[in-house]
Amino acid sequence: MTQAGAPLATEPAVELNGVSLRYDTADDILTDIDIRLKPGTFNFLTGPSGAGKSSLLKLLYLAHAPTSGEVRLFGQRTADMSRNQLSALRRRIGVVFQDFRLLDHLTAFENVALPLRVSGEKPEDYRDEVVDLVRWVGLGERIHAFPPALSGGEQQRLAIARALINKPDILIADEPTGNVDPDMARRIFRLFIELNRRLNTTVIIATHDMHIIREFKAPVLKLQDGLLFADTAYEQA
Amino acid sequence: MNIKMNPLLPESDAREAALFFVVAALCFLAVLATLVARGTYTAAEAWTAQVEGEMTVLVSDTDRRGAETAAELIEALPGVERAHVLTDDELDELLSPSFGPGGIPDGIPLPLLIAVDAEGDTTALAAEIDATLAEAGVNGRADTHSAYAAEVRKALGTLRIAAIGTVLLLTMTAISVIAFATHAALLARKDIVDVLHLAGAEDRFIARLFERRFWLLGLKAGAAGSVAALAVTAIIVFSAQSSSAPSELLPKLSLDQWDLIILAVSPIAGALAARIAARVTVGRSLRSSL
């Protein structure tokens with residue numbers, strides 16, 4: 001097994017083998033999913049509401065364990081990892097939640113800095129970096145504002161900035177442009193692509209937006225009724 | 001650029017204010033119950049010792065002078081602190097429950113009684129007194145009030161157990177309620193736990209945040225409760241001391257070093273309960289996810 005660190009070039013960044021997910025006694029949300037995503041790939045995840053997109057993303061950002069099957073990130077089987085190793089792995093994953101999950105009692109700056117703060121970094125070490133990113137997402141004037149004072153679109157951009165601050169190896173976004181105008185949506189996607197190209201970040205974006213999917217021409221994982229029935233094994237060079 | 005950092009956990013809200021009140025109130029009750037129980041226990045100890053250390057010697061076939069000589073003989077015995085012949089007034093007071101406030105009617109012969117205050121085993125001493133009086137040619141017999149003392153001992157033993165039981169029950173209730181209230185306050189923060197968890201914070205990091213918060217809350221609230229209990233106790237002690245007719249049967253409330261230790265320990269116990277509850281709740285919450 002590899003240590004928690006840089007992935008081996010030959011290993012997929014994300015690998016799901018025969019993964020199923022079921023909550024309590026209900027039917028399977030996901031059934032026998034197989035996915036292999038190489039490092040540095042850009043992927044869309046699409047499907048109708050209730051298809052299991054958010055559940056699949058939860059498996060990927062390590063919020064849930066699968067009911068059966070195995071999840072491997074950077075070649076490491078997550079079921080074999082200690083809780084501290086899983087925490088370290090989560091710090092390599094940036095997540096943009098559909099409901100943003102910003103902390104209302106923290107300012108925009110503090111929300112973006114959160115992943116750095118919980119990993120023990122000092123404010124003076126990350127201050128400039130956070131300020132630059134907050135400015136980049138167009139919230140420089142609102143850096144001291146608290147989330148309840150921000151519009152839906154501003155909150156979404158803030159959530160995106162928080163997901164990017166760690167320069168993650170994997171970026172997962174659940175409907176990241178749902179509350180922004182088309183111009184901002186394109187800007188956000190260009191940022192994701194830039195991150196993907198410059199830092200070799202593996203990007204997985206769940207979206208309904210077919211215009212965006214067509215415009216950015218990336219592989220598409222399609223989910224329907226818990227089944228991944230198309231484009232299950234993109235192999236990008 | 002000067003950027004102020006807010007704490008990762010929000011400042012106290014209404015739920016924590018309710019928790020503060022619960023901890024303060026329970027610490028107040030626990031401290032007050034402990035102080036009263038301790039006073040009751042002390043009073044029971046003193047009263048039992050007093051009853052057990054008293055006996056009466058009934059002398060007959062002699063006059064008051066002979067009785068006083070007998071009292072001197074008894075007082076000379078080891079283990080006897082004091083022996084004296086009861087005066088007519090003392091006899092009046094002793095027998096007033098039988099004869100009422102009018103006193104003993106004239107013409108009724110009064111017994112000659114010697115009241116003996118002793119230390120240690122009065123049963124052995126009673127036999128020694130009987131032997132000493134017989135040797136001196138005095139017709140007398142010592143009564144250790146054994147039946148009465150046994151009843152008193154039994155009643156006070158029950159009182160002690162009740163006092164200790166009350167304190168234990170209240171302490172356990174206080175700890176349980178504090179733990180439950182902490183658990184409820186923490187569940188309201190589950191969203192924060194989730195965000196920190198998914199941002200990559202280790203379980204220990206998250207648990208420490210909540211432990212520290214609830215430990216400090218418990219300490220402050222417990223201290224408030226203890227200070228309130230101290231104030232109430234001080235008022236009771238002051239009232240009892242200034243009363244013209246203090247009763248031996250009332251709990252002997254005081255504020256000695258042990259009471260101060262109880263006052264100091266109570267907030268720590270409350271805070272510890274809150275801290276442990278926070279650790280357990282956060283731990284469970286985190287373990288329920290991956």
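**Note on a predicted two-chain model**

1. Just after helix H3 of chain B, Gly100(B) has a positive phi of about 80°.

2. Is H3(B) mostly buried or in the open? The number of buried residues among its 12 is 0, so H3(B) lies largely in the open. A residue counts as buried if 20 or more other C-beta atoms lie within 10 Å of its own.

3. Helix H5 of chain B spans residues 146-187 and contains Ile161(B). Ile161(B) has 10 C-beta neighbours inside 10 Å and therefore counts as exposed, since the cut-off for exposed is 12 or fewer. The C-alpha atom of Ile161(B) is separated by 9.1 Å from that of Tyr41(B), although the two residues are 120 apart along the chain.

4. For chain B, an unreviewed UniProt entry gives the feature "transmembrane region" at residues 161-181, 214-240 and 260-278. In the model, residues 161-181 of chain B are 100% helix and 0% strand, with end C-alpha atoms 29 Å apart. Residues 214-240 of chain B are likewise 100% helix and 0% strand, and there the end C-alpha atoms lie 38 Å apart.

5. Chain A contains 7 helices and 10 strands. What does its radius of gyration say about its overall form? A compact globule of 237 residues would have a value near 18 Å, and chain A has 17 Å, so chain A agrees with that expectation. Along the principal axes, the C-alpha atoms of chain A fill a box of roughly 45 × 40 × 40 Å.

6. Of the 237 residues of chain A, 46% count as buried. Among the contacts in chain A with a separation of 6 or more, 71% come from residues 24 or more positions apart.

7. How many residues of chain A are in contact with chain B? There are 26, and they are in contact with 17 residues of chain B. On the chain A side, the elements giving two or more residues are helix H2 (83-90), helix H3 (108-118) and helix H4 (123-136). The residues on that side divide into 14 nonpolar, 6 polar and 6 charged.

How values were computed. Residues numbered from 1 in each chain as written. Chains lettered and ligands numbered in written order. Predicted model: local features only at pLDDT ≥ 70, side-chain atom pairs only at ≥ 80, totals over all residues. Helix = DSSP H or I, 4+ residues; strand = E, 2+ residues; numbered from the N terminus. Rg over C-alpha atoms; globule rule 2.2 N^0.38 Å. Contact = placed C-beta atoms within 7 Å. Nonpolar A, V, L, I, M, F, W, Y, C, P; charged D, E, K, R; others polar. UniProt positions renumbered as here; feature names shortened; annotations may be inferred.
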